[in-house]
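Hi there,

Here is the structure I promised to pass on. Have a look at it first, and my notes follow below.

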Amino acid sequence: MGHLPTLKHLSEASLSNIRLIATDMDGTLTKKGKFSAKLLQAFEDLEAAEIKVLIITGRSAGWMSGISQLMPVVGAIAENGGLFYTSEHDQPVTLTPIPDLAAHRQSLSVAFAKLKTQFPEIQESADNRFRVTDWTFDVAAFSSDELKIMAGLCQEMGWGFTYSHVQCHIKPQEQNKAMGLWQVLREYLPTFSREQILSIGDSPNDESLFDPQHFDVSIGVANVMKYINQLQHQPQYITQAAEGDGFCELCRYMLSRK
């Protein structure tokens with residue numbers, strides 16, 4: 001695991017080259033689970049400055065089909081890298097190949113049932129019915145040790161596992177936010193170079209966005225500190241404010257230096 005002294009404050013970051021912000025949603029854009037007027041204004045300000053925003057979230061395909069159309073963004077990646085919705089089309093692009101969707105969902109259901117035999121308190125998430133590539137259940141009050149056991153059980157069954165402050169995800173092993181994002185960048189947004197991309201998040205399912213092998217500039221909003229010792233890859237910089245206020249802090253900092 002990393003160490004806290006590696007984290008630098010946002011004010012130490014040079015962001016003059018950034019043209020695309022790849023951002024998590026829950027706990028990074030939201031404040032107490034909601035979008036604020038201040039956040040929406042920040043999106044408008046970024047758009048005016050020709051800085052694009054791409055949302056990349058663990059939320060379901062059902063959620064992101066709407067948000068990708070309603071928000072001033074270039075698109076949204078759902079299910080931690082599973083699907084991509086562009087702002088111009090309402091049909092998703094599947095980033096994780098699934099030859100037989102019905103068989104895939106059945107296999108995920110079996111994996112969830114096996115987890116439930118050891119953790120009978122787990123409850124399927126309300127939005128699970130709107131998912132394509134992964135299976136979710138509510139985080140509840142699981143300890144880090146319990147989450148590690150769940151991850152190990154999923155691995156034994158041939159699945160990956162990740163979690164945020166909202167949900168736990170049973171998923172294809174290679175599916176993560178970084179892999180999904182780079183696929184989208186290569187195939188749909190090829191004009192952005194690595195040096196022009198900033199990634200930002202707040203929890204363990206954002207860890208791949210903090211990996212320096214993939215991203216030169218990564219930022220955590222302040223609430224990432226809750227998980228910092230659980231992250232193998234930590235963000236390079238951290239905001240003073242938490243949740244959506246931290247994202248707005250980033251936007252102010254970037255725009256003040258243009």
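Let me start with Gly-158, which takes a positive phi of about 90° just after helix α4. (Helices are DSSP runs of H or I with at least four residues, strands are runs of E with at least two, and both are numbered from the N terminus.) Please keep in mind that this is a predicted model, where local features need pLDDT of at least 70, side-chain atom pairs count only at pLDDT 80 or more, and totals for chains, interfaces and linings use all residues. Residues are numbered from 1 along each chain as its sequence is written, and side-chain values use heavy atoms, with hydrogens and water left out.

Now to α4 itself. This helix covers residues 144-156. Leu-147, Met-150, Leu-153 and Cys-154 are buried there (under 20% relative accessible area, with exposed meaning over 50% and partly exposed in between; 1.4 Å probe, protein chains only). Viewed down the axis of α4, the buried residues fall within an arc of 120° (taken from the directions from the helix axis to the C-beta atoms), so they line one face of the helix. In general, an α-helix has 3.6 residues a turn, so residues three or four places apart point the same way.

What do the buried residues of α4 pack against? Their partners are α3 (101-118), β7 (135-138), β8 (160-163) and β9 (167-171), with contact meaning heavy atoms within 4.5 Å. On the other side of α4, Asp-145, Lys-148, Gln-155 and Glu-156 are exposed.

Happy browsing!

Notes: The expected span of a helix is 1.5 Å times one less than its number of residues.
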